[in-house]
Amino acid sequence: MDFSIKTIDAKTSIASLKAGCIAVGIYENKKLSPQAQALDKSGEITAALKSGDISGKPGSTLLLRKIAGVAAERVLLIGLGADGELSDKVMSMAALCVARVIATLGGNDAVLALPFDTIKDRDLAWAIRNSILVLRENSYRSDTLKSKKETTLSGIKKVAFLVAAAKAAVAKEAVAQGLALANGIDLTKELGNLPGNVCTPTYLANTAKKLAKEFKLSVEVLDRKQLEALKMGSFLSVARGGGEAPKFIIIKHLGGKAKDAPTVLVGKGITFDTGGISLKGGAGMDEMKYDMCGAGSVLGTIRAIAELKLKLNVIGVIPATENMPSGTATKPGDIVTSMSGQTIEVLNTDAEGRLVLCDALTYVERFKPAAVVDIATLTGACVTSLGHHNSGLFTRHDSAHDALANELLSAGKATGDTAWRMPIEDSYQEQLKSNFADMANIGGPAGGSITAACFLERYTKKYTWAHLDIAGTAWKSGAAKGATGRPVALLTTFLMNRAAAAK
């Protein structure tokens, strides 16, 4: 789907715009938006409202054809609710209505002439970015491995946003941002939806290499021998049971000044998680292909910021392996030594995400980072706590970490890719005590997402750090099963805000 901007000024009439379809808003009280009024010279739109053909409620639509005095072939009326109360939720619903209708239409193009600059607490740029994401989400198909692709209607493939000429520059930038975000989200979805026999650690490494080639990034992939030389005993303990070779991926987008400390994203890359010797139940285990969604979100975010040529130094780090049971797999009760030198009693091999992340979090010390954010489908306990609406955000409590948390929370609110801050306190660390090692890898059922974060926190003392537990938000189950692409929107917006602040 192609996106562009159309501008109007005092000398231009909306009615003169030629298009396969033009979408305008109407309200519940039978009031027309300014854009709809400009198309209603013949009174046909007003007549449709008076007749009750459309209510004006959010989600309602009515398609009119060949309106007198209007150059566009069709006019699509979109209900926006009560006049003066346009919210971001209603605008998202309006964009979805447009997406669904134009997917069924013939013709080449559609013009969205909605009141983008009247949304409460949002601006024009947000409206355009959000609309692009909604439209692209509606057109996404996860049929890569199907012998016959899903049948889709031809639909309109070109969409233009109608804005005032004075706001053209802002609108064009928003289109570029929306496209980059959508492309990053689609990459993350695609990686998540691929099965574990396709999306292996090597596949993730090759994806990083392709991104590096396309966008002129720097990439390095470490293999088992190099990881052994680095003494990543914790990471390698997870990789012992699988047949796929582990990979440690470092991809760099160096768009800032050479002296600027980078922001580092660390993504959990368990390409399939059986639980290891602590084997999971069979029901729903197929969804454990999504256990690499943290890694997928890092690659999706790197793709988005690279497309935007973001002027910021960002490094993505991905420890990738599968977690399998075998005669060589790590056993409950085994003690392993992490790269940091700290020893870990592995009480449950299904708590493997923290075992791969802790070595990655030690490795990134060498970058002297401005901040580190790790992203992981880490705990079912986070799903129990927060459901599927918010990702869990964990970090220490001091001025630097509070500032980082607020940046991430704000980026989440700005995109609808929201997170909720959870506690990290020393009292929870007590649950990780071991009689035989420096720590255990689980802290019992109470506060499971918190003790997992507390485990990771022990490896992050040398920099400002935050942890995002995306176990409840990275994918959907049931009839709508599939990767969501979260939290690419949150992370990309977080980095865009950092780049803007650095100017």
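This is a predicted model: local features need pLDDT of at least 70, side-chain atom pairs count only at pLDDT 80 or more; totals for chains, interfaces and linings use all residues.
Colleague: Where does E352 lie, and why is E352 called buried?

Modeller: E352 is in the loop between β13 (343-345) and α10 (353-363). Its relative accessible area is 1%. Buried means under 20%, so E352 is buried.

Colleague: Which residues is E352 in contact with, leaving aside its neighbours within four places in sequence?

Modeller: They are V238, K268, I270, D273, D291 and N323. Two of these return in a strand pair: D273 has N323 as its bridge partner in β11.

Colleague: How do you know that β11 is mostly covered?

Modeller: Strand β11 covers residues 313-323, and eleven of its eleven residues are buried. N313, I315, V317, P319, T321 and N323 point one way from β11, and they are buried. V314, G316, I318, A320 and E322 point the other way, and they are buried too.

Colleague: Which strands pair with β11, and in what sense?

Modeller: Strand β8 (residues 247-254) pairs with β11 in the antiparallel sense over eight bridges. F248 has P319 as its bridge partner in β11. Strand β9 (residues 263-267) pairs with β11 in the parallel sense over four bridges, and there the partner of V264 is I315. Strand β10 (residues 269-273) and β11 pair in the parallel sense over three bridges. The cut-off is at least two bridges, so eight bridges are enough for β8 and β11 to count as a pair. Four bridges are enough for β9 and β11, and three for β10 and β11.

Colleague: Why does L456 count as buried?

Modeller: L456 has 0% relative accessibility. The cut-off for buried is under 20%, so L456 falls within it. L456 sits in helix α14 (residues 448-457).

Colleague: What is L456 in contact with, apart from its neighbours within four places in sequence?

Modeller: The contacts are R354, L357, C358, L361, D374, L378, W465 and H467. L456 and C358 are 98 residues apart in sequence, yet their C-alpha atoms are 5.9 Å apart in space.

Colleague: How do you know that the radius of gyration of the chain agrees with a compact globule?

Modeller: A compact globule of 503 residues would have a radius of gyration near 23 Å, and the chain has 25 Å, which agrees. Along its principal axes, the C-alpha trace spans about 85 × 50 × 45 Å.

Colleague: What else describes the chain as a whole?

Modeller: Its secondary structure comes to 15 helices and 20 strands. Of its 503 residues, 56% count as buried. Among contacts with a separation of 6 or more, 77% come from residues 24 or more positions apart. The chain exposes about 20800 Å², of which carbon and sulfur atoms supply 52%.

Definitions and conventions
Residues are numbered from 1 along each chain as its sequence is written. Side-chain values use heavy atoms; hydrogens and water are left out. The radius of gyration is taken over C-alpha atoms; the globule rule is 2.2 Å times the number of residues to the power 0.38. Buried means under 20% relative accessible area, exposed over 50%, partly exposed in between (1.4 Å probe, protein chains only). Contact means heavy atoms within 4.5 Å. Accessible areas come from the Shrake-Rupley method with a 1.4 Å probe; for residues, only the protein chains shown count as cover.
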